[in-house]
Amino acid sequence: QFYSAAPVCSPSRASLVTGRLYPRTGVYSNASGHGTGLGVFNPESIGGLIETEITIAQLLKEQGYATGALGKWHLGIGENLKYFPTKRGFDSYYGVPMTQNECTSNAGGRSFGPCPIFHNETIASQPGDVLNIDQAYVDNIKDFIATHRNEPFFFYFASHHTHMPQFASSALRNTTLRGLFGDSLAELDYSVGQVLDQLVALEIEN
């Protein structure tokens, strides 16, 4: 399957935001073992995407783009948020910086304490309402697009779907034939559709 650079979260995201093969970024995956053996950062990890790696957001910001990030970061937090999106070229960030199975919330999960929802570099709520977070994500993206509609912008939307534990808001739960996985996928589809509709409504889809 060639649509992803790696089979697990952190290495594939490292490749996605840098455009480089994940071993070159220092975020490794051996695709075996458990926990940190998978090369996946967790809330107790002291590392992250190394600071010498250049992200697409940093490159575009140098060219005058407004940049924003949303959702699951999963490339490290670090002391004083040194690996956070706002330190890697993104003007703004909103979301849960790890996978929902690495923290506890109304969407399930385990270990490492309650899920935090960050607004930029501040915890907006903890435990966060992960079960209904998609509408907040959609609202955030729409606000960003409306604010920057007359200038170049780049927005990175890293959805939590369809990573386990699967979840969907009450509006979409039990609405598909594929159970909770299908509902989770429908949530992602709805979110992306809302973003595309916003671009069309503002006549900037092209």
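K61 is partly exposed, with a relative accessible area of 39%; here buried means under 20% relative accessible area, exposed over 50% and partly exposed in between, computed with a 1.4 Å probe on protein chains only. K61 forms a salt bridge with D91, the closest N and O atoms being 2.2 Å apart. The pair links distant parts of the chain, 30 residues apart: K61 is in helix α3, and D91 is in the loop between β1 and β2. At 38% relative accessibility, D91 also counts as partly exposed.

The model is predicted: local features need pLDDT of at least 70, side-chain atom pairs count only at pLDDT 80 or more, and totals for chains, interfaces and linings use all residues. Residues are numbered from 1 along each chain as its sequence is written, and side-chain values use heavy atoms, with hydrogens and water left out. Helices (H or I, at least four residues) and strands (E, at least two) are DSSP runs, numbered from the N terminus.

**Salt bridges**

Side chains of opposite charge can pair when their charged atoms come close. A salt bridge is a side-chain nitrogen of Lys or Arg within 4 Å of a carboxyl oxygen of Asp or Glu. By this rule there are four salt bridges, among them the one between R20 and E53, at 2.9 Å from N to O. R20 lies in the loop between α1 (9-18) and α2 (22-25), while E53 lies in the loop between α2 and α3 (56-62), 33 residues apart. Another salt bridge joins E51 and K82, whose closest N and O atoms are 3.6 Å apart. E51 is in the loop between α2 and α3, and K82 is in the loop between β1 (66-71) and β2 (92-95), 31 residues away.

The accessibility of these four residues is listed below.

| Residue | Relative accessible area | Class |
|---|---|---|
| R20 | 35% | partly exposed |
| E53 | 7% | buried |
| E51 | 51% | exposed |
| K82 | 31% | partly exposed |

**Helix α5**

Helix α5 covers residues 179-201, 23 residues in all. The buried residues of α5 are G182, D183, S184, E187, S191, Q194, V195, Q198 and L199. An α-helix has 3.6 residues a turn, so residues three or four places apart point the same way. The cover over the buried residues of α5 includes α4 (133-147) and β5 (153-158). Just after α5, E203 has a positive phi of about 60°.

Key
Expected span 1.5 Å × (residues − 1). Contact = heavy atoms within 4.5 Å.
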